[in-house]
Amino acid sequence: MLPHTERLLLGPGPSPVAPRIMRAMAAPVLSHLDPDMLAILDDVRSRLGATCRAPENALAIAISGTGTSGMETAVANLTRHGSRALVVVTGYFGDRLAQMLQRYGATVQRLDTEWGRACDPSAIERALKAQGADIVAMVHAETSTGVLNPVAEICGIAARHGALTIVDTVTSLGAHPVDVATWGADVVYSCTQKGLGAPSGLAPIVFSSRARGTTGAGPRSFYFDIALLEDYWVRRKYHHTLSAPLIYALHEALVAIGEEGLEARWQRHREQHLALAAGLETMGLRLLPPPEERLWSLNAVVVPDGVDEAAVRKQLLADFNIEIGAGLGPLAGRIWRVGLMGSGSNATNVLLFLNALRRVLDA
């Protein structure tokens, strides 16, 4: 049975999808090799590069799959058996990066940080001086903890030590400043269902020219081989049959971002995050990370003592049609994860959520 009631999606993703993007998905389906589709793909590549602020010589495409497919594409193409990888682990998705690198044959050194805190770049410097690395992998916006890591500093340190960098921007692209060129990052991946505001199913990814030059004979994965994917997106050689409706949705989302302007979009996400934080403070609630380490797109709200966090989420969904997320790992039962992403990051949604949460907690 298909749903007939629209949820207010204020969890860690997916985020609300604007009507214009839903309408784009209803356009006539084109073949993956239709000339009109290839023209759309060219425009998507251009707009993705601009949204990620990628250098001109970088490759910006979208992988057919969710954000995890972007992660696996990055890992598959940079990792060889015995590659030395230093992984910044500040939460659930940093841990996933470490696991995936290990599966692809890397020797992984974890740099674990307390969940709810950002990584200290000096720890990266010390680790690279002590042991070196071929790859340094990190999560920009850690969805499980609401923490923003200092990616620009980490990428700079890694470059000075000759390491390639992998950056997860799944919960930051379209909501926080993402600047691949300034960072000097080698592979940066994301998803469509969070800050970009489209449905899930595609994973934007950027490969620097340096990263593409290290792939050699190609990875063990056929599906995620970036050279084969570039052949399809750029040189029109068949690789797989992508979803036309999802491409339409991503294209429309990128057009909307261009119309709003990146800086204005980032400022909107910042303002709504600050409004939410202020409203929570008036209720005696707080966010887990310190202010200078907080995400704008994902807010980790500390559950008050004596409150059944699962019961609160259940009541918000049943009584107000509002979905928020639970904590993961060591933060399970300790936080609510409240997403303000894409078109969902607006003053109306902040007020609706605060009012609903107040009523549930006061009941």
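**Close-up 1. Two aromatic pairs are found in this predicted model.** Let's start with Tyr92 and Phe93, which form an edge-to-face pair. Their ring centres lie 5.0 Å apart, and the angle between the planes is 70°. This angle is over 60°, so the pair counts as edge-to-face. Tyr92 is partly exposed, with a relative accessible area of 33%.

**Close-up 2. Tyr223 and Phe224 also make an edge-to-face aromatic pair.** Here the centre-to-centre distance is 5.2 Å, with 75° between the ring planes. Is Phe224 buried or exposed? Phe224 has a relative accessibility of 11%, and therefore counts as buried, a label for values under 20%.

**Close-up 3. Ser83 sits in the loop between helix H3 (67-78) and strand E3 (84-89).** What lies around Ser83? Beyond its neighbours within four places in sequence, Ser83 is in contact with Leu78, Gly105, Ala106, Thr107, Asp134 and Ile135. Look too for Arg80: its backbone oxygen is 2.8 Å from a polar atom of the Ser83 side chain.

**Close-up 4. The largest pocket has a volume of about 260 Å³.** Which residues lie nearest the centre of the largest pocket? They are Glu6, Arg7, Leu9, Val17 and Met22, part of a lining of 13 residues. Sorted by class, this lining is made up of eight nonpolar, three polar and two charged residues.

Terms used:
Residues numbered from 1 in each chain as written. Predicted model: local features only at pLDDT ≥ 70, side-chain atom pairs only at ≥ 80, totals over all residues. Heavy atoms only, no water. 1 Å grid on protein atoms, 1.4 Å probe; cavity = no way out; pocket = protein on both sides within 12 Å on 5 of 7 lines; lining within 4 Å. Points joined across faces, edges and corners; volume = space filled by probe spheres on them. Nonpolar A, V, L, I, M, F, W, Y, C, P; charged D, E, K, R; others polar. Phe/Tyr/Trp six-rings, centres within 6.5 Å; stacked < 30°, edge-to-face > 60°. Buried < 20%, exposed > 50% of the residue type's maximum accessible area, 1.4 Å probe, protein only. Helix = DSSP H or I, 4+ residues; strand = E, 2+ residues; numbered from the N terminus. Polar contact = N/O pair within 3.5 Å; in protein donor to acceptor, adjacent residues only side chain to side chain. Contact = heavy atoms within 4.5 Å.
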